[in-house]
Amino acid sequence: MALSRVLLTSGRSVDLTELRLSSTYAGALEGYPCKPLNDLAIAGLVRSAEHVHPGVPVHLIPPPREYPDQFSGAFGPVEVLPAVTCVGHFRSEALDPGHDRALYRSRLTVAWFQPTTRIPSGCDAETALLDLDWERLATDEEL
(Lines give C-alpha, C1' and ligand atoms only; values in the text may rest on other atoms or scores of the structure.)
Protein backbone atom coordinates (compact mmCIF):
# COMPACT_ATOMS: atom_id res chain seq x y z
CA MET A 1 0.00 0.00 0.00
CA ALA A 2 1.32 3.43 -0.92
CA LEU A 3 1.86 6.34 1.46
CA SER A 4 0.33 8.63 -1.15
CA ARG A 5 -0.35 8.93 -4.85
CA VAL A 6 1.10 11.86 -6.79
CA LEU A 7 -0.32 13.01 -10.12
CA LEU A 8 2.50 14.20 -12.37
CA THR A 9 1.84 17.01 -14.84
CA SER A 10 2.27 14.42 -17.62
CA GLY A 11 -0.92 12.76 -16.34
CA ARG A 12 0.85 9.69 -14.97
CA SER A 13 0.07 8.80 -11.37
CA VAL A 14 2.92 7.48 -9.24
CA ASP A 15 2.73 5.86 -5.82
CA LEU A 16 5.03 7.04 -3.06
CA THR A 17 5.96 3.80 -1.28
CA GLU A 18 8.75 5.05 0.98
CA LEU A 19 9.75 8.51 2.21
CA ARG A 20 12.74 9.54 4.31
CA LEU A 21 12.79 13.07 5.70
CA SER A 22 15.62 14.78 7.50
CA SER A 23 16.68 18.25 8.53
CA THR A 24 18.97 19.77 5.93
CA TYR A 25 21.37 21.22 8.48
CA ALA A 26 20.95 18.69 11.31
CA GLY A 27 24.56 17.48 11.14
CA ALA A 28 26.19 20.90 10.86
CA LEU A 29 28.28 21.36 13.99
CA GLU A 30 29.78 24.75 13.29
CA GLY A 31 30.15 27.31 10.55
CA TYR A 32 27.34 28.63 8.44
CA PRO A 33 25.37 27.43 5.41
CA CYS A 34 27.44 28.14 2.32
CA LYS A 35 27.98 26.69 -1.14
CA PRO A 36 30.77 24.23 -0.19
CA LEU A 37 28.74 22.87 2.75
CA ASN A 38 25.57 22.67 0.65
CA ASP A 39 27.34 20.92 -2.24
CA LEU A 40 28.59 18.27 0.22
CA ALA A 41 25.09 17.86 1.67
CA ILE A 42 23.59 17.43 -1.79
CA ALA A 43 26.21 14.86 -2.82
CA GLY A 44 25.62 12.99 0.44
CA LEU A 45 21.89 12.97 -0.15
CA VAL A 46 22.35 11.43 -3.60
CA ARG A 47 24.75 8.78 -2.23
CA SER A 48 22.25 7.96 0.50
CA ALA A 49 19.44 7.66 -2.05
CA GLU A 50 21.52 5.28 -4.17
CA HIS A 51 21.95 2.95 -1.17
CA VAL A 52 18.26 2.86 -0.26
CA HIS A 53 17.23 0.80 -3.29
CA PRO A 54 20.30 -0.52 -5.13
CA GLY A 55 19.76 -0.87 -8.86
CA VAL A 56 16.97 1.71 -8.95
CA PRO A 57 17.72 4.94 -10.82
CA VAL A 58 18.09 8.02 -8.63
CA HIS A 59 17.09 11.49 -9.73
CA LEU A 60 18.09 14.65 -7.85
CA ILE A 61 15.80 17.63 -8.16
CA PRO A 62 18.25 20.54 -7.88
CA PRO A 63 17.34 22.55 -4.79
CA PRO A 64 16.60 26.26 -4.80
CA ARG A 65 19.33 28.25 -3.09
CA GLU A 66 18.66 31.46 -1.20
CA TYR A 67 21.23 34.14 -0.48
CA PRO A 68 20.12 36.17 2.54
CA ASP A 69 21.78 39.52 3.06
CA GLN A 70 24.22 38.35 5.74
CA PHE A 71 27.93 38.68 6.40
CA SER A 72 30.11 36.51 4.15
CA GLY A 73 32.63 34.34 5.92
CA ALA A 74 35.77 32.52 4.81
CA PHE A 75 33.76 30.09 2.65
CA GLY A 76 31.85 32.73 0.72
CA PRO A 77 28.37 34.14 1.01
CA VAL A 78 25.64 32.59 3.12
CA GLU A 79 23.64 30.17 0.97
CA VAL A 80 20.56 28.47 2.40
CA LEU A 81 18.79 25.36 1.14
CA PRO A 82 15.20 24.43 2.04
CA ALA A 83 14.88 23.04 5.57
CA VAL A 84 13.92 19.44 4.75
CA THR A 85 15.74 16.85 2.65
CA CYS A 86 13.60 14.12 1.14
CA VAL A 87 14.30 10.76 -0.45
CA GLY A 88 11.23 9.11 -1.89
CA HIS A 89 10.78 5.79 -3.67
CA PHE A 90 8.05 5.87 -6.31
CA ARG A 91 6.36 3.17 -8.38
CA SER A 92 3.94 3.32 -11.28
CA GLU A 93 2.63 1.24 -14.18
CA ALA A 94 5.23 -0.24 -16.52
CA LEU A 95 6.84 2.05 -19.07
CA ASP A 96 6.98 -0.56 -21.81
CA PRO A 97 3.44 -1.16 -23.14
CA GLY A 98 4.56 -4.67 -24.11
CA HIS A 99 5.12 -5.66 -20.50
CA ASP A 100 2.38 -7.54 -18.69
CA ARG A 101 0.71 -5.03 -16.32
CA ALA A 102 0.39 -7.70 -13.64
CA LEU A 103 4.10 -8.57 -13.74
CA TYR A 104 5.88 -5.23 -14.26
CA ARG A 105 6.09 -1.85 -12.56
CA SER A 106 8.26 1.17 -13.20
CA ARG A 107 10.24 2.65 -10.33
CA LEU A 108 12.38 5.64 -9.45
CA THR A 109 14.03 7.04 -6.34
CA VAL A 110 13.91 10.82 -6.11
CA ALA A 111 15.92 13.14 -3.85
CA TRP A 112 14.68 16.68 -3.30
CA PHE A 113 14.50 19.53 -0.80
CA GLN A 114 11.35 21.22 0.47
CA PRO A 115 10.52 23.86 3.10
CA THR A 116 8.22 21.67 5.24
CA THR A 117 7.69 18.04 6.27
CA ARG A 118 4.50 17.82 4.21
CA ILE A 119 4.09 14.50 2.36
CA PRO A 120 3.51 15.06 -1.37
CA SER A 121 0.08 13.91 -2.43
CA GLY A 122 -2.15 14.34 -5.47
CA CYS A 123 -1.23 17.60 -7.16
CA ASP A 124 0.02 19.06 -3.87
CA ALA A 125 3.79 18.70 -4.15
CA GLU A 126 6.83 20.71 -5.11
CA THR A 127 6.47 21.81 -8.75
CA ALA A 128 9.73 20.13 -9.76
CA LEU A 129 8.46 16.84 -8.34
CA LEU A 130 5.21 17.12 -10.28
CA ASP A 131 7.18 17.89 -13.45
CA LEU A 132 9.30 14.68 -13.32
CA ASP A 133 9.94 13.16 -16.75
CA TRP A 134 9.00 9.68 -15.55
CA GLU A 135 9.32 8.05 -18.96
CA ARG A 136 12.95 9.22 -19.26
CA LEU A 137 14.05 8.72 -15.63
CA ALA A 138 12.31 5.58 -14.36
CA THR A 139 13.00 1.97 -15.20
CA ASP A 140 10.78 -1.12 -15.40
CA GLU A 141 11.18 -4.03 -13.00
CA GLU A 142 9.67 -7.47 -13.05
CA LEU A 143 7.83 -8.34 -9.85
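**Entry 1: Glu-141 and Arg-91**

I began with the salt bridge between Glu-141 and Arg-91, where the closest N and O atoms lie 3.6 Å apart. I count a salt bridge when a side-chain nitrogen of Lys or Arg is within 4 Å of a carboxyl oxygen of Asp or Glu. Glu-141 sits in strand 6 (residues 139-142) and Arg-91 in strand 4, so this pair ties together parts 50 residues apart in sequence. For elements I take DSSP runs numbered from the N terminus: helices are H or I with at least four residues, strands are E with at least two. Buried here means under 20% relative accessible area, exposed over 50%, and partly exposed in between (1.4 Å probe, protein chains only).

**Entry 2: what I am working from**

I note that this is a predicted model: local features need pLDDT of at least 70, side-chain atom pairs count only at pLDDT 80 or more, and totals for chains, interfaces and linings use all residues. Residues are numbered from 1 along each chain as its sequence is written, and side-chain values use heavy atoms, with hydrogens and water left out.

My count for the structure came to twelve salt bridges. Arg-5 and Asp-15 form one of them, at 2.7 Å from N to O. Arg-5 belongs to strand 1 (residues 4-7) and Asp-15 to strand 2 (residues 13-23), so the pair joins parts ten residues apart in sequence.

Next I checked Arg-65, which forms a salt bridge with Asp-39, with 3.1 Å between the closest N and O atoms. Arg-65 is in the loop between strand 3 (58-60) and strand 4 (84-93), and Asp-39 is in helix 1 (residues 35-52), 26 residues away. I found Arg-65 partly exposed at 28%, and Asp-39 partly exposed too, at 31%. Both belong to a salt-bridge network that also takes in Lys-35 and Glu-79.

**Entry 3: the whole chain**

Stepping back, I read three helices and six strands, in the order β-β-α-β-β-β-α-α-β from the N terminus. The C-alpha atoms fill a box of roughly 60 × 30 × 25 Å along the principal axes. Of the 143 residues, 38% count as buried.

I also looked at contacts (heavy atoms within 4.5 Å). Among those between residues at least 6 apart in sequence, 70% join residues at least 24 apart.
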